Amino acid sequence: MIVVNSHLTWDPAHDIVKYAQMGYILKETMSELESIKRKRRSEHISVVCVGDFNSRPESSVLQLINRVGTDCINSPELEIEEMTTTKAIVEKLKEDRLKH
């Protein structure tokens with residue numbers, strides 16, 4: 001089992017920072033999960049992500065988590081490599097806000 005505990009930035013005006021933080025957390029968690037799967041030759045490893053997300057239910061952070069759901073490795077909604085640049089994060093946030 002992998003347990004991830006986080007405390008995202010507090011300021012409600014910095015939604016983009018929280019989104020980037022969560023994107024980074026998911027990217028690192030997926031990397032660690034794949035590494036453990038290879039070492040243990042197991043496909044069944046639970047991941048629990050907890051913490052203080054400092055986010056409202058309608059925030060982009062929780063939308064990201066909800067889209068990814070329980071299958072972050074195979075989620076077509078999450079292209080984590082694209083979250084590594086600020087420009088990509090800004091574009092993704094704009095896209096998410098237009099959808100909702």
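Colleague: What percentage of the 100 residues in the protein chain is buried?

Modeller: Buried residues make up 37% of them. Buried means under 20% relative accessible area, exposed means over 50%, and partly exposed lies in between, with a 1.4 Å probe and protein chains only. This is a predicted model, where local features need pLDDT of at least 70, side-chain atom pairs count only at pLDDT 80 or more, and totals for chains, interfaces and linings use all residues. Residues are numbered from 1 along each chain as its sequence is written, and side-chain values use heavy atoms, with hydrogens and water left out.

Colleague: What does the protein chain average in pLDDT?

Modeller: The average is 76, and 70% of the residues score at least 70. pLDDT is the predictor's confidence in each residue, from 0 to 100.

Colleague: Which elements have the lowest and highest mean pLDDT?

Modeller: Helix H3, residues 86-99, has the lowest at 64. E1 has the highest at 91. Where pLDDT is low, the predicted coordinates should not be read in detail.

Colleague: What pattern does the protein chain follow along the sequence?

Modeller: The order is β-α-β-α-α. That is 3 helices and 2 strands. Both are DSSP runs numbered from the N terminus: helices are H or I with at least four residues, strands are E with at least two.

Colleague: On to the core. Which residues touch the most other members of the largest nonpolar core?

Modeller: Ile 2, Leu 8, Met 22 and Leu 64, in a core of 15 residues. E1, helix H1 (15-40) and helix H2 (60-68) each give two or more residues to this core. H1 supplies the largest share, 6 residues. A nonpolar core is a set of buried Ala, Val, Leu, Ile, Met, Phe, Trp, Tyr and Cys residues joined through side-chain atoms within 4.5 Å.

Colleague: And what does Ile 2 touch?

Modeller: Leaving out residues up to four places away in sequence, Ile 2 touches Glu 32, Leu 33, Ile 36, Ile 45, Ser 46, Val 47 and Val 48. Contact means heavy atoms within 4.5 Å.

Colleague: How many of the contacts between residues at least 6 apart join residues at least 24 apart?

Modeller: 69% of them do.

Colleague: Is Gln 63 buried or exposed?

Modeller: Gln 63 counts as buried because its relative accessible area is 16%. Gln 63 sits in helix H2.

Colleague: New topic, the surface. Which residues make the nonpolar patch?

Modeller: Met 1, Val 3, Val 48 and Val 50 make a patch of about 370 Å². Met 1 lies in the segment before strand E1 (2-7). Met 1 counts as exposed because its relative accessibility is 69%.

Colleague: How many salt bridges does the structure hold?

Modeller: It holds 1. Arg 56 pairs with Glu 58, and their closest N and O atoms are 3.9 Å apart. The criterion is a side-chain nitrogen of Lys or Arg within 4 Å of a carboxyl oxygen of Asp or Glu. Arg 56 is exposed at 59% relative accessibility, and Glu 58 is exposed at 52%.

Colleague: Last one. What is the phi of Asn 54?

Modeller: Near 45 degrees, a positive value in a residue other than glycine. Most residues other than glycine have a negative phi. Asn 54 is in the loop between strand E2 (47-52) and H2. Asn 54 is partly exposed, at 25% relative accessible area.

Terms used:
Patch = residues over 30% accessible without salt bridge, like charges linked within 9 Å, V, L, I, M, F, W, Y side chains within 5 Å. Areas by Shrake-Rupley, 256 points an atom, 1.4 Å probe, with all protein chains shown as cover.
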